[in-house]
Amino acid sequence: MSLSTLKNRRERGFFDGQFLIAMPGMEDRNFARTVVYICAHSDAGAMGFVINRPQSLTFADVLLHLEMIKDSDSIVLPDHARDFPIQTGGPVESGRGFVLHSDDYLSDSSIPVSDDICLTATLDIVRAISKGGGPKRATMLLGYSSWGAGQLETEVGNNGWLTCAANEALIFDRSLDDKYERALAGMGVTAAMLSAEAGHA
């Protein structure tokens, strides 16, 4: 599923607003030990973001790349912008930035993905954050994750993923190192309880 499909969707699918939590046997390195927030799911496929993979880039690096600033050493950013988290959202369009955020900020290009969460992929939100404005809660993700028609259903059916309702606090939580374990704990399980061989008998 593409971003344009997300913009034009009319119906919510079963996995909309769900977390996917990778099973220990996940063989795809892009998704090993990941937590993915599904923004859209339909018969056409699914689209979402990994929410526990850090990026080496800083927000100042992003501003420099976008030519919003000329020198990252001389820029003085507001506190929340200086520490603004940049994460790896997935392997698709990995050079493109997306901001997942609370619905207290909206622009003409913002796309609602749930009752409380929106997605904006334009420079206006980056500019607002750099000036101390923007949404109360947000994270920037480079790239996204996508599944074709029926692909995600097959992967879940083959025990590649656990699914549960998304926790908004966990989406925006900046502590990434143990987010996988905490997502599992929210389901009442631990990685040690899960068989790496599930679905491979």
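Visitor: What is the relative accessible area of Arg-137, and which class does that value give?
Guide: This is a predicted model. Arg-137 has a relative accessible area of 34%. Buried means under 20% and exposed means over 50%, so Arg-137 falls in between, as partly exposed.

Visitor: Which residue forms a salt bridge with Arg-137?
Guide: The closest N and O atoms of the pair are 2.7 Å apart. A salt bridge needs a Lys or Arg nitrogen within 4 Å of an Asp or Glu carboxyl oxygen, so the pair qualifies. The partner of Arg-137 is Glu-168.

Visitor: How many residues apart are Glu-168 and Arg-137?
Guide: Their salt bridge has closest N and O atoms 2.7 Å apart. The pair links distant parts of the chain. Glu-168 sits in helix H6 (residues 168-172), while Arg-137 is in the loop between helix H4 (123-130) and strand S8 (138-147).

Visitor: How many salt bridges does a search of the whole structure find?
Guide: One of them joins the side chains of Glu-93 and Arg-96, at 3.3 Å from N to O. Glu-93 is partly exposed at 38%, and Arg-96 is partly exposed at 31%. For the whole structure, the number of salt bridges is five.

Visitor: Which residues are linked with Asp-178 in a network of salt bridges?
Guide: Start with the pair of Arg-182 and Asp-178, whose closest N and O atoms are 3.1 Å apart. Arg-182 is partly exposed at 28%, and Asp-178 is partly exposed at 32%. The network links Asp-178 with Asp-173 and Arg-182.

Visitor: Where is Asp-116 found?
Guide: Asp-116 belongs to a surface patch of negative charge, gathered with Asp-103, Asp-104 and Asp-115. Patch members need over 30% relative accessible area, so Asp-116 passes with 40%. Its place is the loop between strand S6 (111-112) and strand S7 (117-120).

Visitor: How many residues lie between S6 and S7 in their hairpin?
Guide: S6 and S7 run antiparallel and are joined by two bridges. Ile-111 has Leu-119 in S7 as its bridge partner. Between the strands of the hairpin, the number of residues is four.

Visitor: Which residue stands opposite Cys-118 of S7?
Guide: S7 also pairs with strand S5 (residues 92-102), in the antiparallel sense and over four bridges. Opposite Cys-118 stands His-101.

Visitor: Are the residues Ile-117, Cys-118, Leu-119 and Thr-120 of S7 buried or exposed?
Guide: Take them by direction. Ile-117 and Leu-119 point one way from S7. Cys-118 and Thr-120 point the other way. Both pairs belong to one class: buried.

Visitor: What separates the C-alpha atoms of Met-47 and Tyr-37?
Guide: Met-47 lies in strand S3 (residues 45-50). Its relative accessibility is 0%, so Met-47 counts as buried. Tyr-37 is ten residues from Met-47 along the chain, and the separation of their C-alpha atoms is 8.6 Å.

Definitions and conventions. Residues are numbered from 1 along each chain as its sequence is written. This is a predicted model: local features need pLDDT of at least 70, side-chain atom pairs count only at pLDDT 80 or more; totals for chains, interfaces and linings use all residues. Side-chain values use heavy atoms; hydrogens and water are left out. Patches are made of residues with over 30% relative accessible area and no salt bridge: like charges are joined within 9 Å, nonpolar side chains (Val, Leu, Ile, Met, Phe, Trp, Tyr) within 5 Å. Accessible areas come from the Shrake-Rupley method with a 1.4 Å probe; for residues, only the protein chains shown count as cover. Lys and Arg count as positive and Asp and Glu as negative; His and the chain ends are not counted. The place of a charge is taken as NZ of Lys, CZ of Arg, CG of Asp or CD of Glu. Buried means under 20% relative accessible area, exposed over 50%, partly exposed in between (1.4 Å probe, protein chains only). Two strands pair if DSSP finds at least two bridges between them.
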